[in-house]
Amino acid sequence: MEERTAEVHERGFSDHVLVCTNGREEHACCGEAGGEAVFDAVVVWLRERDLLWSRVYVAETGCLGLCSADGAAIAVHPRSNWYADVRPDEVAALLAEEFGPDGSRLGVPAD
């Protein structure tokens with residue numbers, strides 16, 4: 001095991017967006033509710049602001065525990081903000097609220 005916290009912080013990392021893309025057959029799940037499209041929308045929003053893999057990391061995850069047939073789950077850390085039922089067309093507004101329209105509010109909680 002190699003602890004690399006200092007390295008990540010030195011590179012300017014401030015926020016992590018987790019998007020559930022989990023699929024399963026017996027229950028509602030983000031994978032079947034557009035999770036991949038939500039993930040793609042997050043990547044596009046961050047890339048347009050030159051934030052992807054610089055100060056903001058994004059990752060597809062398994063279940064975040066907010067399962068729904070109406071959209072995907074997203075968690076934004078270290079803010080510890082959790083969202084359910086997110087559809088691709090809602091991603092821009094969600095991230096603008098979290099990070100500011102231009103992405104200038106990184107590392108600080110949304111008001």
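**Figure 1. Helix H2 and the elements it packs against.** The buried residues of H2 pack against E1, E2, E3, strand E4 (81-86) and H3. Keep in mind throughout these views that the model is predicted. Which residues of H2 are buried? They are Gly 35, Val 38, Phe 39, Ala 41, Val 42, Val 43, Trp 45 and Leu 46. H2 lies across E1, E2, E3 and E4, and its direction is at about 170° to that of E2. Following H2 comes Asp 50, with a positive phi near 55°.

**Figure 2. The four-stranded sheet.** Here we turn to the strands, which form an open sheet in the order E2-E1-E3-E4 with mixed pairing. Because E2 and E4 stand at the edges and have a single partner strand each, one side of each is left without a neighbour in the sheet. On average, neighbouring strands of this sheet are turned by 20° against each other, direction ignored.

**Figure 3. Strand E1 and its two pairings.** E1 is mostly covered, with five of its six residues buried. E1 runs parallel to E2, and six bridges join the two strands; on this side, His 16 has Tyr 57 of E2 as its bridge partner. With E3, E1 pairs in the antiparallel sense over four bridges. Look for Val 17 here, whose bridge partner in E3 is Val 76.

Figure 4. The pairing of E3 with E4 is antiparallel and spans four bridges. Val 76 is a handy landmark: its bridge partner in E4 is Asn 81, while in E3 Val 76 is itself the bridge partner of Val 17.

**Figure 5. Helix H3 and its buried face.** Buried in H3 are Val 91, Leu 94, Leu 95, Glu 98 and Phe 99. Seen down the axis of H3, these buried residues fall within an arc of 105°, so they line one face of the helix. As a reminder, an α-helix has 3.6 residues a turn, so residues three or four places apart point the same way. What covers the buried residues of H3? The cover includes E1, H2, E3 and E4. H3 lies across E1, E3 and E4, running at about 170° to E4. Gly 100 follows H3 and has a positive phi, near 85°.

**Figure 6. The largest nonpolar core.** This view gathers the 22 residues of the largest nonpolar core, where Val 17, Val 42, Leu 46, Val 58 and Ile 74 have the most contacts inside it. Two or more residues each come from strand E1 (15-20), helix H2 (35-48), strand E2 (56-61), strand E3 (72-77) and helix H3 (91-99). Which element gives the largest share? That is H2, with seven residues. Apart from this core lies another, of five residues, including Leu 18, Leu 64, Ala 73 and Ala 75.

**Figure 7. The surroundings of Val 58.** To finish, we zoom in on Val 58, one of the residues with the most contacts inside the largest core. Setting aside neighbours within four places in sequence, Val 58 touches His 16, Val 17, Phe 39, Val 42, Val 43, Leu 46, Leu 52 and Trp 53.

Definitions and conventions
Residues are numbered from 1 along each chain as its sequence is written. This is a predicted model: local features need pLDDT of at least 70, side-chain atom pairs count only at pLDDT 80 or more; totals for chains, interfaces and linings use all residues. Side-chain values use heavy atoms; hydrogens and water are left out. A nonpolar core is a set of buried Ala, Val, Leu, Ile, Met, Phe, Trp, Tyr and Cys residues joined through side-chain atoms within 4.5 Å. Buried means under 20% relative accessible area, exposed over 50%, partly exposed in between (1.4 Å probe, protein chains only). Contact means heavy atoms within 4.5 Å. Two strands pair if DSSP finds at least two bridges between them. The arc is that of the directions from the helix axis to the C-beta atoms. Axes are lines fitted to C-alpha atoms, for helices over the stretch in contact, and angles run from 0 to 180 degrees between N-to-C directions.
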